[in-house]
Amino acid sequence: MKRDLLLFLAVTAFSLLSLTGAWGGVMVQCPEDLDGDGVSDVDLPHVVCRHLTGGDGFTVMADGRSMYIFGFGDVTGMPADQVLESGILGAQFPAPTIVLDEGDDFYLTLTNVGMLMRPDLFDPHTVHFHGFPEVASIFDGLPESSVGINMGSSITYYYHIAVPGTFMYHCHAEATEHMQMGMLGNLYVRPAQNSLPDGTDLKGFIHHTGYKYAYNDGDGSTRYDVEYAIQMSSFDPEFHDADLNVQPLPFADMRDKYALLNGRGYPDTVLQGPILNKVNGRNSQPLDSLVHARQGQRILLRLSNLSVTRYYTLSIGGLYMKVIAKDAKLLQASDGRPMSYDTTTVTLGGGESVDVIIDTAGVPPGTYVMYATQAQYLSNNEEDYGGMMTEIVIE
Amino acid sequence: MRVRQIFQFTYCLALTFLLVGLLSEGPAQATIQGISGISFTLVAAPGYIKTPEGNSIFFWGLGSDVNHVQYPGPTLILNEGDTITITLYSALPQPVSLVFPGQEQVQAQGGSQGKVTREATPGRPVTYTFVAAHPGTYLYYSGTNMALQHEMGLFGAIIVRPAGFDPNAPTAYGTSDSRYDREYLFMISEMDPDIHRLVEEGRYSEIENADVFPTYYFINGRNAPDTMAPAFAEWLPTQPYNCMPLMHPGERLLMRIIGAGRDNHPYHFHGNHAKVIAEDGRLLSSGPGKGADLGYSRFTISAVPGHTYDAIFQWTGREMGWDYYGHTSLSDPIERGELAVTATLEAPLSAGSAQVTLGGQGEKEFPMYREVRCLIWSKAYPSPDKDPNREVVKVKRASGNLFTISRGLEGTTARAWSEGDYVAITDHGRPFPVVLPENQNLTFGAFYSGSPYLGNAGNLPPGEGGLNPFSGFFYMWHSHNEKELLNNNIFPGGAMTMLGILPYNAPIE
């Protein structure tokens, strides 16, 4: 296979370049990492290390169309000498979900493994921790104001996770292209309120160990039982094909035809298990969006939109959502009064997030559908009965 | 890619001019440009705008005469309570008018009666009067054939200063929570060049406004990187307004955001959340004296057509986990903005005590349930670097304003402290947490100083950097529908600018 040969050549070339010292090679930085695999080898509370690759790969849309992507892969804990082989054509969409706790020291290493299908490109990559407050520009992942990491090398970002909430992350290098191509992912931070001592009285609400909250609400109002991070995005197949075929990119004419939840269109959104791409058989879209809960449970949905072209509105037939936070901020007046509200729709533009809680107490068991109310996006390009839709199953 | 180099060159040009503006005497650049008064004459006439990738687009604008129309129309800076008179003349091939949403007692005289208000035609001007009854951020725009005339450029901003406005202690609404150090306008719009060409060629019957497909996106009438060029740049005669927000750490920056086009634009600002305190010229308040108590914080503000937002943006570098000034010793001088939150001891603290009561302004801002690193120092000293006995501690709220405290960390000694001594959340003196890659493994941004530290220029390879002479931190403020970061088919550009957070010794204005 031509691609296998390319892969072999690419790995060999990168390895040789690393040996010469001209390239930095794979290098992860993580406190107390004694064996170089990028994870701490002693128990350090609140130290989290992750290692991502930035490169390319393939996905398959719900109508069966193969789609070339740029993306991130997860190589956390992998020995350095295996990272390139894993990362090349190993992009995932969406990017590996990052889950943190408030107070964490987060070390995020990004290794640029290059784009195998685009040997003409020398694009650097970055990670932009979207919405994260008060970051220094060096860790903001904005290539114009800091640095991008070149092919064959690694950079480690550091963030002190001072606030909880639903954020997101994406590559900011040549943002319109790299984001349309799929370098997008879920990222959220759980609040310190989760670790309160058992029996703590929160204005009359008694906390118990194991209770989980979306935010430091101070009154238990954002407690939930199950949580799902669901990211909206959309692909323009013409753009992706042009990128794969080394053609001029249709920036101005960008028209997204695949509206996706966590990188899949319906019915793949409710398909539990892997979707293997048609080019190298990797499970490039590991996330389904099927929401499961037992009657009486409170469901937290962490919704975000990283489409580069448009706003999307999500609705759930038959269920109300309580909007408790937007853009990682609890909806609360300055005197602490709640400003949460019940709704059947939430509308998000690119780069916006919202947290909603669905209380299923008294809700009849069954399957409820969450879908884009811009109904033209309930399609996978030319195929109907698809697109931005998933199911919420209450047992 | 080659595009990047072209873009950086344009940036260079733009910023060079900007810095010339910054460093020379002249009109202030860091405020909102516009015209003030109570009586204005506006002429609606055709003109051409320029876009950074080399295009020239026919538009209809407003200005002082037919040779000086602009996109957007002049920003009118008014005072609360004034009665305003605006006379509109037209040199356009179809009737035109102006409407003033949010203003009171609007009246129109002259011209001819249109569907919404009275309309001007060549030789038949209209005079509008209204009372600028409320402070805030507003729009004005054409009330005639709006589907076409908004697209063509007939709109502008209105800013109404509150009664008793003091330029040395400015507020947006007269309330303390609307005070600001600097203000900038972010008027976001878009254009479909095909429509403009059809108008230019008089092919009105071929225009399908419902099929509008914009490919140009603007802030204050310019596309990036022209947004960052100086205001009133000679080479942009019909696009006088720039958008280059600059600030120092800790300052309050008032963002006046206006959705002036036809689409929603999710305006995302890197760096921090901003607190929206008003919409459509009304404070988000539950009642008189409450201030903006219903305000909300966002990292993206959706600029909806016809809607305005006033938001306060601040940046202190709070709890970054390392010292962004690059100090390595607690004795290094404290820079302004470094002590993000300061509280005071409510009661004496003995050397052996593990509990402390905090009060003062900052106490409420300490995290609810999480440990934070603080410095304690004596009230006899203005800042902890001056107090040789300062102590590094970690505090965690136990309940109310009672905190548990870990004492004498990082080589300092637990001491006895008095009521009124200071406790501040800070990362002063903490080292940079990682090693950056070697230069040959990096691609550098033109706004990168070469150092991760604020105010510190690092070594960059020849030809890199160059747009950050004061070694500030730069953050992109842009539409997060990234398709809007285009100038037609060219990336990057569009509805984008950069916020510069400059060290205190760097001049702004």
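Trainee: Which residues does B:Ala311 touch, leaving aside residues up to four places away in sequence?

Mentor: Contact here means that C-beta atoms, placed from the backbone, lie within 7 Å. By that rule B:Ala311 touches B:Met255, B:Ile257, B:Ala274, B:Lys275, B:Val276, B:Ile277 and B:Ile301, once residues up to four places away in sequence are set aside. Please note that the model is predicted: local features need pLDDT of at least 70 and side-chain atom pairs count only at pLDDT 80 or more, while totals for chains, interfaces and linings use all residues. Residues are numbered from 1 along each chain as its sequence is written, with chains lettered from A and ligands numbered from 1 in the order in which they are written.

Trainee: Which members of the largest nonpolar core touch the most other members?

Mentor: In soluble globular proteins, nonpolar side chains tend to be buried together. A nonpolar core is a set of buried Ala, Val, Leu, Ile, Met, Phe, Trp, Tyr and Cys residues joined through C-beta atoms within 7 Å; buried means 20 or more other C-beta atoms within 10 Å of the residue's own, against 12 or fewer for exposed, with partly exposed in between. The largest core has 226 residues, and A:Met388, B:Ala44, B:Phe186, B:Ile188 and B:Ala311 touch the most other members. Strand β13 (residues 182-191) of chain B contributes the most to this core, namely six residues. Another core, of 24 residues, lies apart from it and includes B:Leu339, B:Leu375, B:Trp417 and B:Val423.

Trainee: How many residues of each chain take part in the contact between chain A and chain B?

Mentor: On chain A, 61 residues are in contact with 57 residues of chain B. Helices (H or I, at least four residues) and strands (E, at least two) are DSSP runs, numbered from the N terminus. Those giving two or more residues to chain A's side are β4 (105-114), β6 (147-149), β7 (154-160) and α3 (175-180) of chain A. The largest share, five residues, comes from β7(A).

Trainee: Which strand of chain B is joined to β6(A)?

Mentor: Strands pair if DSSP finds at least two bridges between them. Three bridges join β6(A) to β29 (residues 442-444) of chain B, and the two strands run antiparallel. Within this pairing, A:Val147 stands opposite B:Phe444.

Trainee: In what order do the strands β3, β5, β8 and β9 of chain A stand in their sheet?

Mentor: The order in this open sheet of four strands is β3-β9-β8-β5 (chain A), with mixed pairing. The edge strands, β3 (95-101) and β5 (128-130) of chain A, each pair on one side only. Five bridges join β3(A) to β9 (residues 184-190) of chain A, and these two run parallel. A:Val99 stands opposite A:Tyr188 in β9(A).

Trainee: Which residues of helix α4 of chain A are buried?

Mentor: In α4 (residues 237-244) of chain A they are A:Phe239, A:His240 and A:Asp243. Viewed down the axis of α4(A), the directions from the axis to their C-beta atoms fall within an arc of 95°, so these residues line one face of the helix. Their cover includes β2 (66-74), α3 and β14 (226-235) of chain A. After α4(A) comes A:Val246, with a positive phi near 55°.

Trainee: Is A:Phe251 buried or exposed?

Mentor: A:Phe251 counts as buried because it has 24 C-beta neighbours inside 10 Å. A:Phe251 sits in the loop between α4 and β15 (258-261) of chain A. From A:Phe239 it is 12 residues apart in sequence and 7.8 Å apart in space, C-alpha to C-alpha. Leaving out residues up to four places away in sequence, A:Phe251 touches A:Thr176, B:Leu486, B:Asn489 and B:Phe491.

Note on methods
Contact = placed C-beta atoms within 7 Å.
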